Amino acid sequence: MARHGWNAGVRRWRLVALLGVGLVVLALVITLVDTLPGEKGSTRGTTPDGDKVYGTPAVPAHPAKPQVGWGFTHTQYSADDGEDAAVERVRAELAGQGRPVPQIQHIMGWGAGNPEPVKGRYDFSAMDRRMDFVRGSEGTPVVTLCCAPDWMKGGKPGADNTDWSRPSLEKAPERAHYGDFAKLAATVAKRYPDVRHFLVWNEFKGFWNDEERRWDYEGYTELYNLVYKELKKVDEDIMVGGPYLVMDSVDPRRTEGVAKEPKGPWGRMDQRPLDAFDYWNKHKAGADFVVVDGASYTADDEMLPDEFKATDKFAAVGTWLRARTGGLPLWWAEYYVEPGDSQDDRDDWSEAHRVAVQASGLMAMARSGATSGFYWNPQKKDGTACAGCLWTSTRVSDGGAALPMLRLIERFGKEFGPGTRYEKVPVAADNRPDVRVLADDEAVLVVNTLDRRISAEVDGQRFEMEGYKVTWLKR
């Protein structure tokens, strides 16, 4: 018995030893798998089947249209994360609008992780969470195809090597990897078949030609065309738009480097983005809509002749763009009316002032034929004070409450969606200099541009307006 026990112990020891060796070997195998030959980067947390359909998307029964209406962009912090009750509050608010609220999500950055840390290995976990929120809020998902994984732009591959610094994030893919980026775009389209609208890149980031002091519009257009063709291979009904240029303007007295048109009291257009637009427009493989962004103020943060009249720039630029594209639907991917400080914070105005000027900007875009626009949501990680945010922080249980800016976007999108025919309405002569008005056959939006109470008469209706008041009238 004793000998048998000893032998049993030996066998147990040998078994433990073998298991230990096996675990070591397994660890080595995992390490080797995580660092595949030729890729030289960790694939931890990634999967090779990035194009596998995620979740249970509700693919629209009818082909997508090239306009989606007025919505917002998810940025670094959004309502997909936080206390359950607060997240649900935002979700229910958006879902209860009676129309899908368009929502943009980037594929890398602004809340999304590195989608392809190593070539052929994907990690869409963060983006999946954002898509879950968009779907849960019954929104229209829109994807901005920016930015590019590190290995496409000269950086190190690997799940642990992503450089999130701004210079790295905003670097364009190297030309040799344009095709790889286009294939990544196709992978995204296959993963989320309910996404029918794609914006190619963001603000020409990384496409600046230092030697010639102009935009590298040839490089961008080459990338755009490859992406456009790959997306159409996935589904010809996918809607694709570009070039997502920043339409910069300068002081109206400036004469060097400016365009003849468009111009106005708000300023004159920098010629360089217009040149870039014309090149893309002439050489593009195709486009279902045109997308740009910009600010009402000049490159020197001047609001001319004042913050309200400066928004006329959106109308002038919109008219110029549509005249060159045969009337393609026009989107404003971003629009700004309040200059930011050194940290890009915009909190010098009262919320009433901010909402009034934003409303003026939306009205100017719509008047020139824009059908879609996206408010860049400046949501913060913590706290309840957030200038211009759409809802209170979801990091607290009683958060997620709709704020005035969200109310404006929701109502504007509901009243003035794609296909709206705008009408002129009578405004009392003494009110004309002080109010801004936009109307269709059912609703009238009136903005008091003064920081004081006025008595207004619009469309035959007389009513009082507090300073910077935004008022909706029914017709």
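**Reading aromatic pairs**

Trainee: Are Trp70 and Phe412 buried or exposed?

Mentor: Both Trp70 and Phe412 are buried; that word means under 20% relative accessible area, while exposed means over 50% and partly exposed lies in between (1.4 Å probe, protein chains only). By the way, this is a predicted model, where local features need pLDDT of at least 70, side-chain atom pairs count only at pLDDT 80 or more, and totals for chains, interfaces and linings use all residues. Residues are numbered from 1 along each chain as its sequence is written, and side-chain values use heavy atoms, leaving out hydrogens and water.

Trainee: How many aromatic pairs are there in the whole structure?

Mentor: A pair of aromatic rings is described by the distance of the centres and the angle of the planes. Here, rings of Phe, Tyr and Trp (its six-membered ring) pair if their centres lie within 6.5 Å; planes under 30 degrees apart are stacked, over 60 edge-to-face, the rest tilted. The search turns up 28 aromatic pairs. Take Trp70 and Phe412: with centres 5.2 Å apart and planes at 90°, the pair is edge-to-face. Trp70 belongs to strand E1 (residues 70-73) and Phe412 to helix H10 (residues 404-415), so the pair ties together parts 342 residues apart in sequence. (Helices, H or I, at least four residues, and strands, E, at least two, are DSSP runs numbered from the N terminus.)

Trainee: And what kind of pair do Trp110 and Trp376 form?

Mentor: That one is edge-to-face, at 6.0 Å centre to centre and 85° between the planes. Trp110 is in the loop between strand E2 (102-106) and helix H3 (125-136), and Trp376 in strand E13 (residues 370-376), so parts 266 residues apart in sequence are tied together. Trp110 counts as buried at 14% relative accessibility, and Trp376 is buried at 17% relative accessible area.
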